[in-house]
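Hi,

Here is the structure I said I would pass on. Have a look at it first, then read my notes below.

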Amino acid sequence: MTVTTATARQTGARGPAGRRVAAALGVTLVAAVDLAAKAWAVAALQDRVIPVGPVDLRLAYNPGVAFSVGAGAPTWLVLTVTSLVTAAVGVVAWRTAAAPSRERLAALALVLGGAVANLVDRAGDGVVTDYLHSGWFPTFNLADTAIVIGAALLVLTGLRHLAPDDAEPSTRPNRSEGERST
């Protein structure tokens, strides 16, 4: 058994095809849960607010993108731009699946799942359904939460990969007995 095979078995890593399937399942799960929550919110929250801890469940519609940016833009433009961004994230996720970075792929699956859910929701009537209201922050939904968590994980994994690794003992230079470290 090669070292690569042993490492893959120890970490549970799969080949690119397996990672792509896992990511696609993650994207589908995130989108399905959010779209189901949006359908519930439209049915249950028409004239009602339900307090739930730090947030209230309150129905709202966002014609723009994050923080209602572009709310006055034509629907076709918002749909086009969000479709292009979603497709770009999909391409990055597809390519990332070739590398054995499960953390990055999971983060991209969260971002892509949230983006797909919001895109599907917007395609129907030009607005995104929001239902989580804190009172101090714009009303949002589970797809937005997945996007933010995924983006934060991407930043954290990026920072982790930027940190210098401790040198492996086998890669450290050999010191002769007469050398001293300073």
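First a term: I call two residues in contact when they have heavy atoms within 4.5 Å. Among contacts in the chain between residues at least 6 apart in sequence, 66% join residues at least 24 apart.

Some housekeeping. This is a predicted model, with local features needing pLDDT of at least 70 and side-chain atom pairs counted only at pLDDT 80 or more, while totals for chains, interfaces and linings use all residues. Residues are numbered from 1 along each chain as its sequence is written, and side-chain values use heavy atoms, with hydrogens and water left out.

Now the overall layout. The chain has 5 helices and 3 strands (DSSP runs numbered from the N terminus: H or I of at least four residues for helices, E of at least two for strands). Read from the N terminus, the order is α-α-β-β-α-α-β-α. Of the 182 residues, 29% count as buried; buried means under 20% relative accessible area, exposed over 50%, and partly exposed in between, with a 1.4 Å probe and protein chains only.

For α2 (residues 16–44), 29 residues at 1.5 Å each should span 42 Å, and the end C-alpha atoms are 41 Å apart, which agrees (the expected span is 1.5 Å times one less than the number of residues).

Helix α3 (residues 75–96) has 22 residues and reaches 31 Å between its first and last C-alpha, close to the expected 32 Å. Val 78, Thr 82, Thr 86, Val 89, Ala 93 and Thr 96 are buried in α3. They cover an arc of only 75° around the axis, so they sit on the same side of α3 (the arc is taken over the directions from the helix axis to the C-beta atoms). These buried residues pack against α4 (102–125). On the face turned away from them, α3 carries the exposed residues Trp 76, Leu 84, Trp 94 and Arg 95.

Of its 29 lining residues, Val 65, Ala 66, Asn 118, Asp 144 and Ile 147 are the closest to the centre. The elements giving two or more residues to the lining are β2 (55–62), α3, α4, β3 (128–133) and α5 (142–162). For the grid details: on a 1 Å grid over the protein atoms alone, a pocket is an open set of points where a 1.4 Å probe fits, with protein on both sides within 12 Å along at least five of seven lines, and lining residues have an atom within 4 Å of a point.

Val 65 is in the loop between β2 and α3 and is partly exposed, at 32% relative accessible area. Leaving aside neighbours within four places in sequence, Val 65 is in contact with Val 78, Thr 82 and Arg 122.

Asn 62, in strand β2, is buried at 11%. Beyond four places in sequence, Asn 62 is in contact with Ser 68, Arg 122, Val 127, Val 128 and Asp 130.

Lastly, Thr 157 lies in α5 and counts as buried at 7% relative accessibility. Thr 157 touches Glu 103 and Arg 104, not counting residues up to four places away in sequence.

Cheers
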